[in-house]
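Please open it alongside the text and follow the points in order.

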Amino acid sequence: MAVRRTDVLPIAFVVPRQGPTGIYGPSCLACGQLAVEQLNAGNGIAGRRVELVQVDAGRAPEVVAEEVGRLVDSGQVEAVAGWHISAVRVALTRRIGGRVVYAFAAMHEGGDDTPGVFMLGERPVNQLLPATHWLREHRGARRWVVVGNDYVYPRVTGSVAREALQGTGSEIVHSEYVPLGTSDFREVISGLRATDADGVIMLLMGQDAVHFNRQFAAGGLSERMLRLSTAIEENTLLGAGPGANHGVYAAAAYFDKLATVEGSEFARQYYARFGAFAPALNAVGESCYEAIRFLARLGEVSGSIAMSAGLPTGHFYDSPRGLLRLDGNLVDQDVYLAAADGLEFRIEEQIAYLA
């Protein structure tokens, strides 16, 4: 039986490498590698050298959860971090919840009170809702159709948005959910053509969003309807092509062109390490960097990342996103709205502020 090395801290790094969300994988892996290299050039995490054990989150949630569960059961990993869809998170918390610290990087639908789970991404209250308000005031978009993948995050987020927009001057007039992995959106596009909606709230992930955007533009809808997404990033723009991106808006806490001091420095470090032809730097990849650095912050303050470790509510820390604050197991952060400009994003305005 192998003896576990106490000078090494193994972390299950759960990011997609196949399937519809596999488009995000190279960015996730590069940003995770950068975080580990930077930490290991110093004190690691709580004095231990960090090693990532890669787990492909692009498979069925139960398959991913079982692999991570076996790693936790055998002591081969002592924490979990990464970007993956909420369906994977739910399966993971059922399998390993309360046993190891889990830094969930992705945008999410709201709270998860599973012990040890930290939800580091944006949520509807500081992402989707202020984005719809801005687009109503500045682009006249009042009537929305939700088009999302059929799993927990899009459905809960769509429901929250429908309720929250009541009485605001905006409304959701219809919702349509399709299986993850959908490539044919002809029926959805036909339905959109028949509505009088001003815009589409896109809660589609990865390659599904690429297919939808191409067919939306080919169907001639770009000139009459906006598209707003909480998940589109630079890889999705590249995949769809510049002709499909007119009228696309995205809300996120990080963009490659985020011209803050912290954002610019992170981009400089990233391209210095991986070069001009590195995987696209984006919110999804940065969130993976964020998750690993969060574990480092936990170790710095608590001396370890065991389940007994913790950070006080209201704890502030720095990141490429700027100053962040822990609110229970959630994170308060600045959020920006950006418009697609060909294959890049142009930041229009900051829509949520760290209170």
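The numbered points below go through some helices, loops and a strand, one at a time.

1. A word on the model. The structure is a predicted model, in which local features need pLDDT of at least 70 and side-chain atom pairs count only at pLDDT 80 or more, while totals for chains, interfaces and linings use all residues. Residues are numbered from 1 along each chain as its sequence is written, and side-chain values use heavy atoms, with hydrogens and water left out.

2. Helix H10. Helices (H or I, at least four residues) and strands (E, at least two) are DSSP runs, numbered from the N terminus. H10 covers residues 283-302, and its end C-alpha atoms are 28 Å apart. H10 is mostly covered, with 15 of its 20 residues buried. Here buried means under 20% relative accessible area, exposed over 50%, and partly exposed in between (1.4 Å probe, protein chains only).

3. The two ends of H10. At its start, a side-chain oxygen of Asn282 comes to within 3.2 Å of the backbone nitrogen of Val284. Just after the helix, Gly303 has a positive phi of about 90°.

4. Val284. This residue of H10 is buried, with a relative accessible area of 4%. Not counting residues up to four places away in sequence, Val284 touches Tyr24, Cys28, Trp83 and Glu233; contact means heavy atoms within 4.5 Å. Asn235 is 49 residues from Val284 in sequence, and their C-alpha atoms are 9.6 Å apart in space.

5. Glu286. Leaving out residues up to four places away in sequence, Glu286 touches Cys31, Tyr254, Phe266, Pro320 and Arg321.

6. Helices H2 and H3. H2 (residues 61-73) and H3 (residues 86-96) pack at an angle of about 35°, with their axes 8 Å apart. Axes are lines fitted to C-alpha atoms, for helices over the stretch in contact, and angles run from 0 to 180 degrees between N-to-C directions. Among the residues of H2 that meet H3 are Val64, Ala65, Val68 and Val72, and the H3 side includes Val88, Ala91, Leu92 and Ile96. By class, this contact has 10 nonpolar, 1 polar and 5 charged residues.

7. Helix H7. The end C-alpha atoms of H7 (residues 206-218) are 19 Å apart, which agrees with the 18 Å that its 13 residues should span at 1.5 Å a residue. Its buried residues are Gly206, Asp208, Ala209, Val210, Phe212, Asn213 and Phe216. What covers them includes helix H6 (186-193), helix H8 (234-240) and strand E6 (143-149). Just after H7, Gly220 takes a positive phi of about 75°.

8. Two loop residues. Thr21 sits in the loop between strand E1 (8-15) and helix H1 (25-40). Thr21 counts as buried, at 6% relative accessibility, and its contacts, leaving aside neighbours within four places in sequence, are Pro16, Gly58, Trp83, Ile85 and Met205. Ala46, in the loop between H1 and strand E2 (49-56), is partly exposed at 34% relative accessibility. Ala46 has a positive phi of about 55° although it is not a glycine. Most residues other than glycine have a negative phi.

9. Strand E15. Glu344 is found in this strand (residues 344-352) and is partly exposed, with a relative accessible area of 44%. Phe345, also placed in E15, is buried, with a relative accessible area of 4%. Neighbours within four places in sequence aside, Glu344 is in contact with Leu237, Lys257 and Ala339. Phe345 touches residues including Ile232, Leu237, Phe255 and Lys257, not counting those up to four places away in sequence. The C-alpha atoms of Phe345 and Val248 are separated by 9.3 Å, although these residues are 97 residues apart along the chain.

Notes: Expected span 1.5 Å × (residues − 1). Polar contact = N/O pair within 3.5 Å; in protein donor to acceptor, adjacent residues only side chain to side chain. Nonpolar A, V, L, I, M, F, W, Y, C, P; charged D, E, K, R; others polar.
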